[in-house]
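Here is my note on the structure below. Please read the points with the model open beside you.

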Amino acid sequence: MAGGDSRKRDPVSGSRLVDVDAEWRVSTDELRSRLDDPGLTIVDVRPLAAYNGWNLLGAARGGHIPGAVAFPSTWLDRVDPAEVQRLLRVKDVTDAREIVLYGDLPEEVWAVRTRLVELGQ
């Protein structure tokens with residue numbers, strides 16, 4: 001796109017905001033107001049380097065949303081299915097909780113969302 005990337009960035013993480021599916025989208029303001037919600041799990045699907053603070057893809061700053069857990073989308077292809085389920089459980093990504101996924105690339109968010117649906121999450 002000429003003139004650079006016009007998509008908005010999350011003011012907390014610096015990640016580009018992408019409308020993967022408007023039906024499932026949460027606003028930045030709503031998410032910010034729910035950071036301390038005990039029934040919410042926020043999942044960062046970006047590479048671990050981004051989660052850990054490396055400034056990737058031109059982000060304004062590195063790191064992750066406070067309270068978010070790391071579950072890089074690449075784990076779906078690199079970790080066996082039983083371990084994927086165990087990691088999700090350990091990170092409180094269960095059907096008993098409301099889950100918010102975020103990342104830089106819509107296909108990464110979509111891949112994790114699809115797997116969660118397949119697992120009944």
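1. **Start with Glu30.** Glu30 forms a salt bridge with Arg34, with the closest N and O atoms 3.8 Å apart. A salt bridge here is a side-chain nitrogen of Lys or Arg within 4 Å of a carboxyl oxygen of Asp or Glu. Glu30 is partly exposed, at a relative accessible area of 34%. Arg34 is buried, at 17%. The terms are set as follows: buried is under 20% relative accessible area, exposed is over 50%, and partly exposed lies in between (1.4 Å probe, protein chains only).

2. Residues are numbered from 1 along each chain as its sequence is written, and side-chain values use heavy atoms, with hydrogens and water left out. The protein averages a pLDDT (the predictor's confidence in each residue, from 0 to 100) of 80, and 76% of the residues score at least 70. Over residues 1-20 the pLDDT is below 50. That stretch still has 47 contacts in the model beyond near neighbours in sequence; a contact means heavy atoms within 4.5 Å. Where pLDDT is low, the predicted coordinates should not be read in detail.

3. **Which residue does Arg34 also meet, at 2.8 Å from N to O?** The partner is Glu98, again through a salt bridge. Glu98 lies in strand β3 and Arg34 in the loop between α1 and β1 (40-44), so the pair ties together parts that are 64 residues apart in sequence. Helices (H or I, at least four residues) and strands (E, at least two) are DSSP runs, numbered from the N terminus. Glu98 is partly exposed, at 41% relative accessibility. Salt bridges link Glu30, Arg34, Asp37 and Glu98 in a network.

4. **The other helix α1 pair.** The structure holds 7 salt bridges. One of them joins Arg32 to Asp29, with the closest N and O atoms 3.4 Å apart. The two are 3 residues apart in helix α1, so about one helical turn separates them. Arg32 is partly exposed at 38%, whereas Asp29 is exposed at 58%.

5. **Nonpolar cores.** A nonpolar core is a set of buried Ala, Val, Leu, Ile, Met, Phe, Trp, Tyr and Cys residues joined through side-chain atoms within 4.5 Å. The largest has 14 residues, and Val43, Phe71, Leu101 and Val112 touch the most other members. Elements giving two or more residues to this core are α3 (75-78), α4 and α5 (106-118). A second, separate core of 9 residues includes Leu31, Ile65, Ala70 and Tyr102. Beyond four places in sequence, Leu101 is in contact with Val43, Val45, Val109, Val112, Arg113 and Leu116.

6. **One aromatic pair.** A search of the whole structure finds 1 aromatic pair. Phe71 and Trp75 form it, edge-to-face, at 5.3 Å centre to centre and 80 degrees between the planes. Rings of Phe, Tyr and Trp (its six-membered ring) pair if their centres lie within 6.5 Å; planes under 30 degrees apart count as stacked, over 60 as edge-to-face and the rest as tilted. Phe71 is buried at 1% relative accessibility, and Trp75 is buried at 19%.

7. **Asp95.** Asp95 lies in the loop between α4 (81-90) and β3 (98-102). Asp95 is exposed, at 60% relative accessibility. Leaving out residues up to four places away in sequence, Asp95 touches Gly120 and Gln121.
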